[in-house]
Amino acid sequence: MSAWLLPDHIADVLPSEARHIEELRRGLLDTARSYGYELVMPPLLEYLDSLLTGAGEALNLQTFKLVDQLSGRTLGLRADTTQQTARIDAHLLNRPGIARLCYCGPVLHTQPDRPRATREPLQFGAEIYGHEGMEADVEALALALDCVRGAGVRDFSVDLADVRIVRHLCAGVMVDPAVLQRVHAALAAKDATELSSLTRGFPAATREGLLAILQLYGDVQVLKEAETALKATPAVRQVLENLKSLAAQFPEVNFTFDLADLRGYSYYSGTRFALYVPQASDALVRGGRYDEVGAVFGRNRPAAGFSLDIKQLVAVVPVRPLKAAIRAPWAQDAQLQAAIAQLRQSGETVVCTLPGQDDRVDEFRCDRTLALVDGQWTVQALV
């Protein structure tokens, strides 16, 4: 085996893409900061029992595990950062009011979560803790929209769902957790045959409601259809009103609704959203409300937010032009070195042509040159 081969779904990031990813990262963090979100940097690995507490089976299967040579305990390489951010909010900050936190760093997955995906996403996310009203949901979605727009995404749609619909439909039904998990999977896969088989012993209203929501996806008209189809479960009406109200806050956005979307069910506790673009086969951004994420850390308070993979984002946004730069000769000349230093301190990129090398620069657009004119080093435009 060649020494330079990398594991499947792991790749080097070369200069052009790395430059673009870094520019996107800075833009996303600046956008989050403009909303008042503070940056946190959780560790890449933690003790496994802390990392997976309350996270469910999905993260357990996606988490690389190793033994700590200092303590002998099992460590995990994080597959998601939301749990860690909830721990920071609960234990380290422990603020009485609102906490707005954002993060950006690599996560590792044992398996790619979509076709052709990397197993080393660069995850950016933002979380707002401490407010249970819809205002937090609106802010999380507004920030997500501003982030993708700032990155250059224009043609997108947002899909809305709410896991409480299924919870209300199944309320009071005595069912084995393993069976309920299969019900969730059948709903997510829109497998009517499997769902019909699994719910054969359920109360009629529950069974009919679950089968009905398989067909409840599309534009806002779906919410009206759901009011009729799910009228036997009155608690669902308020959830549908919340979805309608949330969408109304963003009249410029193309919203769709999928009331059977339960991906990440154990993670979310209420409204959830997914942003899609034509160029990608899976959601570009996922977010929503996950009020219960901090409970396992001893502080169960409201939470809403979203996350995205910058490596996935960079593949669907327009390529940015090369940064303009100044080409300079290489010489042991104090005046030249002073001129170069001054230009760099002012924010310019100055690329020196080394002796014996041509003046080609791949990753920068040299549109000017530093030339000696009448005894002074002067920046001149390249013809």
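Strand 13 (residues 323-329) and strand 14 run parallel to each other and are paired over four bridges. The model described here is predicted.

Strands of a sheet pair through backbone hydrogen bonds, in either a parallel or an antiparallel sense.

These pairings belong to an open sheet of four strands, in the order 14-13-15-16, with mixed pairing. Its edges are strand 14 (350-353) and strand 16 (376-381), each of which pairs on one side only. On average, and with direction ignored, neighbouring strands of this sheet are turned by 35° against each other.

The next part of the structure concerns helix packing, with helix 11 (residues 235-248) in contact with helix 5 (residues 134-150) and with helix 10 (residues 221-229).

Helix 10 and helix 11 pack at an angle of about 175°, and their axes are 10 Å apart. An angle over 145 degrees counts as roughly antiparallel, and helix 10 is therefore roughly antiparallel to helix 11. On the helix 10 side, the contact is made by Leu223, Ala226 and Glu227; helix 11 contributes Arg237, Leu240, Glu241, Leu243 and Lys244. By class, the residues of this contact are four nonpolar and four charged, with no polar ones.

Helix 5 meets helix 11 in another orientation. The angle between these two helices is about 45°, and their axes lie 10 Å apart. Helix 5 and helix 11 are therefore oblique to each other, and their crossing is right-handed. Met134, Asp137, Val138 and Leu141 of helix 5 make this contact with Asn242, Ser245 and Leu246 of helix 11. The residues of the contact of helix 5 with helix 11 divide into four nonpolar, two polar and one charged.

Key: Residues numbered from 1 in each chain as written. Predicted model: local features only at pLDDT ≥ 70, side-chain atom pairs only at ≥ 80, totals over all residues. Heavy atoms only, no water. Axes fitted to C-alpha atoms, helices over the stretch in contact; angles between N-to-C directions. Parallel < 35°, antiparallel > 145°, perpendicular 65-115°, else oblique. Left-handed = near helix turned anticlockwise from the far one by under 90°. Contact = heavy atoms within 4.5 Å. Nonpolar A, V, L, I, M, F, W, Y, C, P; charged D, E, K, R; others polar. Pairing = 2+ DSSP bridges.
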